[in-house]
Amino acid sequence: HSALHSPSDRPTNMSESMPKVQESVIRKMTRLATQYNAVNLSQGFPNEPPPLKVRLALANAVMTGNAYDDVAVCTEEELSNSLVNTLTAPKTTPDESVTDVINQYSPPMGRPDARRAVSAYYQRLYGYTVSEDDITLTLGATEAVATALRTIGQPRNKVVIFEPFHELYPSQCGIFYLDPVFVTLRPSDNGSTWSYDEAELKDALKGATALILNTPHNPTGKVFQQNELKNIVDLCIQNDVYIITDEIYEHMCYPDSNGKQRNHTLIPHAFPEARDRVLVCNSLGKSASATGWRLGWCLHPPHLSDTYRGVHDQMVAMAPHPMQYASLAYLNLPDEYFTQQLPVRYKDRVAMLARTIQEVGFGVIMPEGSYYLFVDYRGVKELQGKTPMDAAMYLMKEVGVACVPGDNFYGKSTDGNHYLRFAACRSISDLRNAIERLKVLSAV
């Protein structure tokens, strides 16, 4: 696969050359939530702050323009004292005489110490060894995925996407003139999870260039299990297909019905035979409650590193340098933050919201991970017969709760015509407010 293409590969007329992209429906619903004073359960971003140490690391970096002694191991108190000293010390040196490093450009692929910290993070949490030379810090996971697609894809190449999907995947395919091919996840026979049809996946992968795999999954909350991942990996190897993973919800995996904890699977570690065809995309946005920082990364196979970094450099130049530096504090948080705090934080919120929406008639398959509820609204009296957008707007205007219409997450199937997505990542007070408002609805 090559990232280059000849002029003859390009679209030949203006209508062909217009990318098939549109405004984000999710962000549109967020704007409307503000307009109608609705509780925003549409866009999946937290509204609580990042860990204090991570914020202090960023503040120190921006104010001094230079690295603190060892931000990875220093305490919150040390960082606080450093910031106070910076803000209160008499100014003896004019600004033009101060050397500022961190508010300026970093190397395009990211600070070496931050890339080493990403490498150490995977070694510590997964036992997986990856060289800093095969890690690029990106403008969030969004850019990590986009750069991966451009690195391995040429116009009219096929990209396989599980639907329901996050809307950015087919939109990014449109920007790069790639052709998305959809494989539909459907409720299992016992209604406890979501599953795909192996024959449908096998057919979709024929002649494809890449498959995008998001697990834990947005919007269904599915955590792909080992046997499913083995099947996906085997089929991708058979068909010479790259795997681009989106792992931003990796620490939000919940226990199964027997109380056994589900765990995220890092594909290149669990399936080393696929290591040279997997690009792992991730971000601190959701796990650190820092979605506005736009700091992500990609682990790319060595033979793709130069091309990946070249595409990244030309598209965005670099990830924000101060956030790169602050990521040193995030990536070195205690293991308990990732393995104990994050799963419990969102599991309880998902369960709290799920109880209420089930009571008023929504059909719920409890998520195995992430922090979304993708629910069937046909059992809610007030929403019967409505399109997904009409149902979402009814909840927005009449109930005061914002969600996302389910058909926004589909490209082939009409299954989304009776679904809505709620994001349970907001503060406890926001969720309680939304729950009280939703109680005005009634089951059929």
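## Strand β10 and its partners

Strand β2 (residues 135-138) and β10 run antiparallel and are joined by four bridges. Strands here are DSSP runs of E with at least two residues, helices are runs of H or I with at least four, and both are numbered from the N terminus. Two strands count as paired if DSSP finds at least two bridges between them. This is a predicted model, in which local features need pLDDT of at least 70 and side-chain atom pairs count only at pLDDT 80 or more, while totals for chains, interfaces and linings use all residues. Residues are numbered from 1 along each chain as its sequence is written, and side-chain values use heavy atoms, with hydrogens and water left out.

Leu137 has Trp297 as its bridge partner in β10. Strand β9 (residues 278-283) also pairs with β10 in the antiparallel sense, over four bridges, and there Cys281 has Cys298 as its partner. β10 (residues 296-299) is covered on both faces: Gly296 and Cys298 lie on one side, Trp297 and Leu299 on the other, and all are buried. Buried means under 20% relative accessible area, exposed over 50%, and partly exposed in between (1.4 Å probe, protein chains only). In a regular strand, side chains alternate between the two faces of the sheet.

## Strand β15

Strand β15 (residues 419-423) is mostly covered, with five of its five residues buried. Tyr419, Arg421 and Ala423 point one way, and Leu420 and Phe422 the other.

β15 pairs in the antiparallel sense with β12 (residues 372-376) over five bridges; Ala423 is the bridge partner of Tyr372. β15 also pairs in the antiparallel sense with β14 (residues 404-405), over two bridges, where Leu420 stands opposite Pro405.

## Nonpolar cores

A nonpolar core is a set of buried Ala, Val, Leu, Ile, Met, Phe, Trp, Tyr and Cys residues joined through side-chain atoms within 4.5 Å. The largest one has 119 residues, and those with the most contacts inside it are Leu211, Trp297, Phe362, Leu420 and Phe422. Helix α13 (residues 335-359) gives the largest share of this core, nine residues. A second, separate core of 24 residues includes Val145, Cys173, Phe176 and Ile212.

Contact means heavy atoms within 4.5 Å. Leaving aside neighbours within four places in sequence, the contacts of Phe422 include Leu41, Leu353, Phe362, Tyr372 and Val401.

## Helix α9

Helix α9 (residues 226-238) has 13 residues and reaches 18 Å from its first C-alpha to its last, close to the 18 Å expected at 1.5 Å a residue. The expected span is 1.5 Å times one less than the number of residues. Its buried residues are Glu228, Leu229, Asn231, Ile232, Val233, Leu235 and Cys236. Among the elements that cover them are β3 (158-163), β7 (208-214) and β8 (242-246). Asp240, which follows α9, has a positive phi near 55°.

## Cysteines

A disulfide is counted as a pair of cysteine sulfur atoms within 2.5 Å, and by this rule the count comes to zero. The sulfur of Cys236 is too far for a bond because the closest cysteine sulfur, in Cys173, is 14 Å away.

Cys173 is found in helix α7 (residues 168-175) and counts as buried because its relative accessibility is 0%. Cys236 is buried too, with a relative accessible area of 0%. Cys74 counts as buried at 6% relative accessibility.
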